[in-house]
Amino acid sequence: MKIGPVVAGAALLAVIAACGDSTPTASEGGGGGKIGVDHPRADSDFWNSYMKYVPQMAGELKADLMQATNSQNDVSKLVNNVQALTGQGAKAIIMAPQDTGAIATTLKTLENKKIPVVSVDTRPDKGKVYMVVRADNRAYGTRACEFLGEKLEGKGKVVQLMGALSSINGRDRAEAFGECMKTKFPGITVFNEPTEWEGSKAASMLQTRLEQHPDVKGVYMHAGGVHLAPTLQVLKQKNLLVAPEDPKHIFVVSNDGIPQEFEAIRKGEIDATMSQPADLYAKYAIFYAKAALEGKTFKPGPTDHGSTIIELPNGLEDQLPSPLVTKENVDDPALWGNQVK
Amino acid sequence: MTTLTAPAPRLRLGRFRDLTLVPVIVLLLIVGAFLDPIFLTTGNLTNVLQQQASISLLVLAEAMILISGKFDLSLESTVGMAPALAVMLVIPATAGGFGLGLPGMLVIPLCLLVGAAIGAVNGFLIIKFQLSAFIVTLAMQIIVHGLQLGPTEGKTLFELPESMLYLGSATWLGLPASVWIAGVLFVAGMVGLGYFRVGRSLYAIGGNSDAARAAGIRVDRVLWGVFILGGMLAALAGVLETGRLGAVGSGQGVGWIFMVFAAAVIGGVSMDGGKGTILGALTGVLVIGLVQNILTLKGVSGFWQPVVYGFIILVALMISRVAGGKAQD
């Protein structure tokens, strides 16, 4: 195999792939200016729900949305997409940079062009943002720890199926969970499994850990979308999928709040999940983008929608509430997981 | 045509080139046993085999394709796409399917059919159209993964027919069914490539396809068959993985191909074709599975696991180079 043509061909293909989704069609309309949206990925249940809510919320808030682009978890595509969007007249940008460091230069460029940026779910390390719309991921970790700690009465072993450590959300959840366990429940041993948000790795790691420590009594999953099915399958094969009253029961806390997690809570297979508000993410991303275009400014402190705005070195962050869902409140129609079909 | 038969393999020292990883495996078993008392138990080793069953089928497919001098990067996408499409054909629209109402029994045959079709397209483009296997299958890797994301809209398929879950989660005679399946297919691969004319012809084609053609081997037909078989093995790997995980995630199989190549190459399969054995490839999979297992048992920090992991692959490569004695290509 000759490598020269191969490399050239690969490069060409990469260019084509990168350009593939960066040709949004501008929509008609005026007033306030157009809002460009880039979605971070197309392969996660949570983000797919978010993507469905965006046009719906834009309709409710009467925002002028451009055709959304998708950067498929690749920061270089995000940069290209943002250029395309601004080239087509976007006056505000909503993005969700999964690589929070590499977006700095783009944010700087946008700042020079006086285009405000709303960052959803992730907090860029550097570069000006108008508002970060994000749930408090450290609170996820802490609440999962408190829930498991109380259920286990402060002793025993728990497994933490972690997301990718290169993502701020995975890191925040893991750190807060670990710190809380150390300070509040020192009698509990935590096994950290770096699953990289991959179901396959999660299943292997949990299976191995249960073989090594059959007395594991709790599991905290960072993402229900990828960790739920593998965890249930491993527990089922080990005959550990039993009712919460059974002494063999393993307490499972999940994160995301997708409909399948609610179903598992109803069946008693898992015990709780953190409902990450996909609907509120979409709503407040558009709300703040529109507010930016209208020249409004916000100050740190409590908001009118039950959240708190905090000050960042490079902007503000609205930390949206994310309820803990257990058997008691799983049928609450206000939870976004109960609104999608 | 009897004169065209490839010489039967002889038990010479050269044959042990394929077993150069055996010392590595023994070393890993010893080290693992010292590191954790649970490591050398039947339960743990069975888990390792089960965890490696589906990726091993990909290694089997890739080994055959590499031996015949070609390349296939699209296998990893088939692992997710074939089961996803097959499942969508049988589940009702309310569960995220197409709502065609096909019987659930058909899901595995449909899945294998999808895999065969992907292999056939690869074969058509590479053999009939004479395109570079590397680029064709790179493009196919992207397309096939897209063909999973498109219909499913990136969603995980949770509601699966029982027949889809069975093979990946059942236990036969004390061992997971997936281990039996992978074992039988590897034995078939070893016997097929070692002793059968059509299997031996892969080496002839991979070594020198013009000479093979001149010698009367139906090169195109054999290669086409290898690609189709590869696609079907990848689809079967997808079935086993789906059963193990209980759902078809949108990222299923993504990123596996590098592990597959690592396993095949440390197992002695040449990237240039014509060399290597199925047994060697199997030892490569086992090394990778054991390393993963030890890293998990020891709870190596997630930040450092990739470093340790990559380093051990390099060491395995070096050991197989030293033990094998020949320069690697």
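Start with S8(A), helix H8 (residues 224-237) of chain A and S9(A): together they make a right-handed β-α-β unit. Right-handed here means that, with the strands pointing away from you, the path from the first strand over the helix to the second runs clockwise. Helices (H or I, at least four residues) and strands (E, at least two) are DSSP runs, numbered from the N terminus. Keep in mind that this is a predicted model, where local features need pLDDT of at least 70, side-chain atom pairs count only at pLDDT 80 or more, and totals for chains, interfaces and linings use all residues. Residues are numbered from 1 along each chain as its sequence is written, while chains are lettered from A and ligands numbered from 1 in the order in which they are written.

Now look at strand S8 (residues 216-221) of chain A, where 5 of the 6 residues are buried, that is, 20 or more other C-beta atoms, placed from the backbone, lie within 10 Å of the residue's own. S8(A) pairs (at least two DSSP bridges) with strand S6 (residues 156-162) of chain A through 5 bridges, running parallel. Another 3 bridges tie S8(A) to strand S9 (residues 251-256) of chain A, again parallel. A:Tyr220 is a handy landmark: this residue is the bridge partner of A:Gln160 and stands opposite A:Val253 in S9(A).

Zooming out, the domain assignment of chain A gives domain 1 (16-129 + 278-321) and domain 2 (137-275), with bounds from an automatic or database assignment. Their C-alpha centres lie 31 Å apart. Across the boundary, 8 residues of domain 1 of chain A are in contact with 6 residues of domain 2 of chain A, contact meaning C-beta atoms, placed from the backbone, within 7 Å.

Terms used:
Contact = placed C-beta atoms within 7 Å. Buried ≥ 20, exposed ≤ 12 C-beta atoms within 10 Å, placed from the backbone.
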